Each structure stands twice: as C-alpha cells, then as structure tokens.
Amino acid sequence: MLAIEFLGAAGTVTGSKYSITYGNRHFMVDCGMFQGDPELAERNHQNWPVPARDYEALLLTHAHIDHSGAIPRLVADGFSGPILCTEPTIELCELLLPDSAKIMRLEGSPLYGEEHAARALELMEGCNYYRQYEVGPGVGVTFFDAGHILGSAWLELEFDPLPDWSKQEPVRLVFSGDLGRGLGPMLAAPDRPERADFLVLESTYGGRLHSRVSAAGQLQEVVERTRRRKSTLVIPAFAVQRSQDIAYLFETLDVGNISLYIDSPMAARAIRVFERYPDYLSRNAGQLLNEYDQLLRYPHLRICETTEQSRSILNFRPPRVIVSASGMAEGGRVLHHLRHHLPDARSTIMLAGYQCEGTRGWQLLCGDPYLDIDGRAIPVRAEIESLDGLSGHADYAEIQEWLSELESPPQTTFLVHGDEESLLAQQNRLSQQGWQVEVPEHRQRFVLLR
Ligand SMILES: [Zn+2]
C-alpha cells in the first residue's frame with residue numbers, strides 16, 4: 001500500500017506536513033508549524049498518525065518555519081531518523097529553528113525546547129540537486145531547484161513496487177514544496193517535472209496573477225518619491241531571502257545615495273549563508289558573488305545586527321529606506337519602525353510578500369485606520385504600498401508553466417498551501433483540462449495504491 005495523510009497546509013497556507021505510508025513503513029515530507037490564526041495554531045498540538053519514532057526519515061523542501069518549524073516537536077516526541085534536505089536549507093534552519101524555540105519560550109507557549117531544535121539540526125543531512133538519494137529500501141528522493149528561497153527544493157519520491165501491487169512499476173510522487181517565480185533577482189527559475197504519478201501542488205496564488213510590473217520598477221518609483229520628500233520608507237520583509245532580494249535590487253536602481261538599512265540580526269546572518277552558496281543562486285548573482293566576494297554591493301547599505309546599530313538608525317536624517325523583519329509585521333524590530341513612522345503622512349510602508357489574514361501586514365493592506373502595537377492604537381497616516389513583484393510564490397500562470405513539461409497529467413493532483421478561494425480556483429482550472437484534482441481536508445488520508 002502507498003498512502004498519504006495531510007497533516008497540514010490543507011485548506012490553509014501554513015503547517016505543511018505530509019505523512020506517507022509505504023507498506024508498513026512511514027516517512028514524513030516537511031514538518032511545518034501552523035502560524036497566524038489561534039484556531040490553526042491549536043493544530044500544532046495534534047497527534048501524529050503513528051508514533052514519531054516510527055518515521056524512518058523526514059524529507060524537507062526548504063527552511064521556512066511553515067515547512068520546518070514542527071521538526072523539533074517530532075524530535076521531542078521520539079523521531080531520530082535522518083532529515084534529508086539541501087546544504088543551504090540546513091544552514092538556514094540553524095538560524096530559524098533555535099530562534100523559533102526561543103520566541104516560543106519568551107511567549108510562554110513552547111511546543112519544544114531549544115535542545116530539541118539543536119537535536120533536529122544534528123539529524124539533518126545535506127543533499128545536492130539532481131541526484132537520487134536512497135531514503136530506505138525501495139524509496140528514493142531527488143531534490144530539484146524550486147527557486148523559492150535559497151536551497152529550496154521540490155521533491156521527486158520514487159517507490160519501488162511492492163509485491164502486492166497490481167502494476168509492478170515504480171511510482172513517482174512529486175511534492176512541489178513552495179514554487180518561486182523565476183523572476184526574483186537572485187534565484188534561478190524553478191526546474192520543471194517531467195513525470196508525476198501523483199502530485200502535491202502548492203496553490204498560494206491559485207486564483208491570482210501577479211502584476212507584471214517588475215519589482216525593480218515598483219521599488220524605483222517608491223524610493224524615488226521617498227528621496228524627493230526627504231522621508232522614510234519602511235519595508236517589513238522576511239529576514240531570509242526577501243530582505244536580501246531588496247538589498248540586491250538596490251544596486252540596479254537609480255536612487256542617488258539614499259541610505260538603505262537592513263535592520264535584522266537574522267537577515268545579517270542569512271546574508272553570510274547566501275554568500276557561502278554561489279552555486280544555489282541565479283547564474284548572474286552567482287557570477288557576481290564569485291567575482292566580488294560580496295553579494296550586496298549597494299554602497300549606501302548599512303546592515304544593523306546589534307541593538308545599538310538598530311537604535312542609531314533614527315539618529316540619521318531622512319531620506320532613508322529601512323528593511324526590517326518580520327515580513328507580516330507580527331513581531332521583531334519592524335514594529336519599532338512602524339510605531340515611529342505610521343503616524344507620519346510623508347512616510348511610506350511597503351509590504352513585500354504574502355500577508356496572512358489577521359496579521360498586521362494584512363490589516364495595513366486592508367486600509368485599517370489604526371494598528372495595534374503593544375496595546376497602543378497607532379494611527380495609520382503613512383502611505384501603504386505593496387511590492388508585488390518580489391513575491392516568493394508562482395501565480396497560476398507560472399504554475400501552469402511549471403506543469404507544462406509533464407508527459408501526461410498525474411493520476412491525482414492534491415492541492416495544498418492556499419486559502420479556500422485559491423484552492424477552488426486552481427481546482428477548477430486543472431479540472432477543466434481533464435485533470436483529476438483533490439482538495440484535501442485537514443487530516444484527510446488517501447490510499448494511492450493498494
Ligand atoms: Zn516557503
């Protein structure tokens with residue numbers, strides 16, 4: 001038997017987590033944390049379908065917490081198998097997982113301790129793209145470039161036929177993970193699959209197309225306006241990838257000598273990880289890095305790692321651009337900058353990336369007149385913009401391109417990682433092309449082969 005149970009990202013965008021049963025053996029693909037909505041966060045306490053120690057291995061697509069953040073919980077519950085992922089994913093997890101444990105401890109709701117995060121990192125084994133690794137007898141995995149963040153992968157799992165299968169042929173199960181757009185400044189376009197018997201497909205933007213205006217064009221316009229007004233542009237951005245993308249773009253803009261601050265210790269550390277992996281960047285970015293030994297070369301960039309460096313930003317007069325985490329303004333140093341600049345009508349806040357419903361970033365996009373920060377209602381007078389061109393996720397047309405090299409439609413395609421509207425839109429679109437499409441519910445289990 002080959003079966004899959006959806007333990008997360010079913011009908012929602014967080015908690016990516018899939019339990020695979022092959023005969024009487026068990027594997028996990030991704031093990032992410034549910035984020036945002038408290039009702040969803042409850043699911044972080046759900047039971048595993050089988051005891052954690054019974055999972056032979058865990059395969060991880062990329063380092064984002066909504067794909068990796070529950071690994072230490074699996075480890076705390078007894079998992080001790082190998083965790084296969086790319087080398088940059090391991091290094092980014094070294095930044096993200098201990099930080100996640102620390103934040104939970106400070107918030108007083110720990111799912112696991114820092115020791116479990118450390119143990120999870122010890123179990124990680126680095127894999128290269130395009131080479132098949134044996135996960136266990138009869139099970140192989142190949143990592144392909146997903147172009148979403150540094151080291152991100154989509155996975156091709158191959159299962160040898162079990163004696164009782166009617167067709168004695170290997171079966172390929174493809175997990176898209178999160179798919180990038182191929183338009184980001186630093187990463188290559190995602191590789192495309194050629195064969196999938198079953199496909200688990202992300203649908204973050206299953207119902208939408210991104211604006212075709214380039215990120216550089218959008219950024220140029222807003223930065224130029226900020227410079228003319230001698231004001232401040234605050235960009236809440238994820239510390240990993242988005243902050244680096246923005247700083248990388250600055251070198252190509254025509255914005256005079258405006259100061260750019262990256263105010264995030266995590267982003268500062270992530271830059272050093274990026275600089276160790278030129279082979280995982282787009283050809284252009286990789287070449288520049290090899291040539292100059294430095295990825296971010298905008299001359300007026302200041303990276304603020306310490307609290308003193310962060311505090312000093314406000315001592316320098318505008319115009320200035322501040323890029324700071326977290327990306328949805330749910331925590332981190334960006335809150336301090338928002339508190340300071342939201343009430344100022346000359347400032348601009350530019351959101352960069354997907355904003356989950358209920359987050360402060362989402363509230364700003366909705367046009368809320370006040371934002372609650374640390375129990376105070378801060379009036380929103382600043383201009384709100386959205387930097388759509390830097391999205392880390394493919395839209396439906398780009399997903400269609402990603403699927404275009406498949407020899408034939410998969411037997412079944414499972415749509416995950418989207419809100420209800422996006423999932424249904426994507427289901428309609430693929431069904432019209434004659435595809436067999438399922439939108440799994442949370443904890444729904446499907447037998448793929450008996
Ligand atoms: Zn992701």
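Is Arg43 buried, partly exposed or exposed, and what is its relative accessible area?

Analyst: The model discussed here is predicted. Arg43 is partly exposed, with a relative accessible area of 26%. Arg43 is found in a loop, the one that runs between helix H1 (38-41) and strand S4. When residues up to four places away in sequence are not counted, Arg43 touches Ala10, Thr12, Phe34 and His442. As for Arg450, 407 residues away from Arg43 along the chain, its C-alpha atom is separated from that of Arg43 by 29 Å.

Strand S4 leads on to the zinc site. His62 lies in the loop between strand S4 (55-59) and helix H2 (65-68). The zinc ion has as its protein donors His62 through NE2, His64 through ND1, His148 through NE2 and Asp178 through OD, at 2.2 to 2.3 Å. Along the chain, these donors follow the spacing H-x1-H-x83-H-x29-D. His148 occupies the loop between strand S8 (139-145) and strand S9 (153-159), so the pair of His62 and His148 ties together parts that are 86 residues apart in sequence. Both His62 and His148 are buried. The arrangement around the zinc ion is irregular because the four donor atoms subtend angles of 91 to 167 degrees. The reasoning rests on a cut-off: four donors count as tetrahedral if all angles lie between 85 and 135 degrees.

Glu383 forms a salt bridge with Arg225, and the closest N and O atoms are 3.1 Å apart. This pair links distant parts of the chain, since Glu383 belongs to strand S19 (residues 383-386) and Arg225 to helix H6, 158 residues apart. Arg225 counts as buried at 15% relative accessibility, while Glu383 counts as partly exposed at 27%. The side chain of Glu383 also meets that of Arg229 in a salt bridge of 2.5 Å, N to O. Here too distant parts of the chain are linked, with Arg229 in helix H6 and Glu383 in strand S19, 154 residues apart. Arg229 counts as partly exposed, at 27% relative accessibility. Arg225, Arg229, Glu383 and Glu385 are linked in a network of salt bridges.

Glu224 also has its place in helix H6 (residues 215-229). Its side chain makes a polar contact with the side chain of Arg227, at 3.1 Å. From C-alpha to C-alpha, Glu224 and Asn24 are 61 Å apart in space, and they are 200 residues apart in sequence.

Arg320 lies in strand S15 (residues 320-324). Arg320 is buried yet has no salt bridge, and Asp344, the nearest side chain of opposite charge, is 7.3 Å away. A salt bridge requires a separation within 4 Å. The side chain of Arg320 does make a polar contact with the side chain of Thr232, at 3.0 Å. Beyond its neighbours within four places in sequence, Arg320 is in contact with several residues, among them Thr226, Leu233, Ser259 and His341.

Ser259 has its place in strand S13 and counts as buried at 17% relative accessibility. Apart from neighbours within four places in sequence, Ser259 is in contact with His300, Pro319, Arg320 and Val321.

Strand S13 also brings helix H8 into the account. The buried residues of helix H8 (residues 265-275) are Met266, Ala267, Ala268, Ala270, Ile271, Val273 and Phe274. What covers these buried residues includes strand S13 (259-263) and strand S14 (301-304), together with helix H4 (87-107), helix H7 (242-250) and helix H9 (283-292).

To return to the residue of the request, Arg43 is partly exposed at 26%, whereas Arg320 is buried and has no salt bridge.

Definitions and conventions: Residues are numbered from 1 along each chain as its sequence is written. This is a predicted model: local features need pLDDT of at least 70, side-chain atom pairs count only at pLDDT 80 or more; totals for chains, interfaces and linings use all residues. Side-chain values use heavy atoms; hydrogens and water are left out. Helices (H or I, at least four residues) and strands (E, at least two) are DSSP runs, numbered from the N terminus. Buried means under 20% relative accessible area, exposed over 50%, partly exposed in between (1.4 Å probe, protein chains only). Lys and Arg count as positive and Asp and Glu as negative; His and the chain ends are not counted. A polar contact is a pair of N or O atoms within 3.5 Å; within protein, one must be able to donate a hydrogen and the other to accept it, and residues adjacent in sequence count only if both atoms are side-chain atoms. Contact means heavy atoms within 4.5 Å. Donors are N, O and S atoms within 2.8 Å of the metal (3.2 Å for Na, K and Ca); water is not among the atoms, so sites may look incomplete. Four donors count as tetrahedral if all angles lie between 85 and 135 degrees; four count as square planar and six as octahedral if opposite donors are over 155 degrees apart and all others between 65 and 115; anything else is irregular.
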